[in-house]
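User: Hi! I am new to protein structures and would like to learn how to read one. Could you take me through it step by step?

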Amino acid sequence: MTRQMQSAASAVAEGRVAGRPSRSLPFFSKIQLIYIASLAVFVLAWQVGASLYASPAFFPSPADVVKAARQLLATGELFVHIFSSTYRIAAGFVIGSAIAVPIGMWMGYNKYVGAIFDPYTEFFRFVPAIAWLSPVVLWFGIGEVSKILIIIYTTVFIVIINTAVGVKSIAKNKLRAAASLGASSAKTFIYVMWPATLPFILTGMRLAMGNSFATVVSAEMIAADNGLGFLIYNSRLWMATDDIFVGILCLGALGVIADQIFRLLIKYYTHHYANAT
């Protein structure tokens with residue numbers, strides 16, 4: 001056996017003695033196992049809690065909810081509700097973010113523009129979107145426009161504030177350095193302001209997305225004939241508690257997917273631009 005082979009064998013033996021597995025990438029990490037165990041405990045507690053009730057109409061078990069979900073999927077009704085809610089959230093969220101980002105950057109860069117928009121931002125961000133639902137329905141009817149406008153309202157102010165804070169947090173020396181090197185306003189925006197502000201923008205959009213889910217449910221309960229909020233409200237009228245739980249679980253699953261996307265984007269861009277600087 002050569003000296004290199006002896007060294008490798010001794011390293012493996014030392015790793016085993018120290019209690020470290022030779023495999024560097026286990027199939028499940030400890031965090032993933034804890035995550036799965038937490039979900040298993042939750043489902044078990046749910047099953048035990050449901051078994052304490054005489055009727056599943058008051059508190060359905062996980063099996064009852066799965067059965068109801070399969071029935072809604074078989075008829076295609078659940079797809080309609082999921083698509084309707086997702087479309088409303090996505091449309092209002094994208095339009096609201098597209099409006100909020102340039103306003104927020106302008107407010108953060110120019111103090112005079114900030115003085116113009118700041119009173120409205122500070123006032124309307126404390127007025128819940130659901131408070132505008134009745135006037136919006138009166139003005140625009142119960143169609144898609146009213147619900148999308150409510151989502152836009154929910155999104156705009158959160159993204160504006162986070163974007164403005166991101167611009168104001170840029171070190172002045174970076175802007176001066178770019179100017180001293182002859183960078184134009186456009187290049188300063190592209191290579192300095194935008195990379196530094198993007199993590200703040202994504203964080204604001206992540207927060208706004210959570211509020212959009214809450215708003216769309218309220219809007220669909222009052223002025224809609226489809227969507228997950230409508231499914232939850234309409235099922236209450238028929239005491240179909242299992243369908244209510246299906247709607248709740250679908251909302252949670254969609255929210256987790258959206259939040260994970262934003263987490264990955266924030267992690268990627270923060271890491272990318274941190275290494276670039």
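This is a predicted model: local features need pLDDT of at least 70, side-chain atom pairs count only at pLDDT 80 or more; totals for chains, interfaces and linings use all residues.

User: How many helices and strands does the chain have?

Analyst: Helices (H or I, at least four residues) and strands (E, at least two) are DSSP runs, numbered from the N terminus. Here the chain has eleven helices and zero strands.

User: What share of the residues counts as buried?

Analyst: Buried means under 20% relative accessible area, exposed over 50%, and partly exposed in between (1.4 Å probe, protein chains only). In this chain of 277 residues, 34% count as buried.

User: Now the salt bridges, please. How many does a search of the whole structure find?

Analyst: Side chains of opposite charge can pair when their charged atoms come close. A salt bridge is a side-chain nitrogen of Lys or Arg within 4 Å of a carboxyl oxygen of Asp or Glu. The search finds five. One of them joins Arg 88 and Glu 144 at 2.8 Å, N to O. Arg 88 lies in helix α4 (residues 77-109) and Glu 144 in helix α7 (residues 144-168), so this pair ties together parts that are 56 residues apart in sequence.

User: Which residues are linked with Arg 88 in a network of salt bridges?

Analyst: Glu 144 and Glu 220 are linked with Arg 88 in that network. The side chains of Glu 220 and Arg 88 meet at 2.7 Å, N to O. Glu 220 lies in helix α9, so its pairing with Arg 88 in α4 ties together parts 132 residues apart in sequence.

User: Which residues make the nonpolar surface patch?

Analyst: A patch is made of residues with over 30% relative accessible area and no salt bridge; like charges are joined within 9 Å, and nonpolar side chains (Val, Leu, Ile, Met, Phe, Trp, Tyr) within 5 Å. Here Ile 130, Met 221, Ile 222, Tyr 233, Leu 237 and Trp 238 make a nonpolar patch of about 650 Å². Tyr 233 sits in helix α10 and is partly exposed at 34% relative accessibility.

Technical notes. Residues are numbered from 1 along each chain as its sequence is written. Side-chain values use heavy atoms; hydrogens and water are left out. Accessible areas come from the Shrake-Rupley method with a 1.4 Å probe; for residues, only the protein chains shown count as cover.
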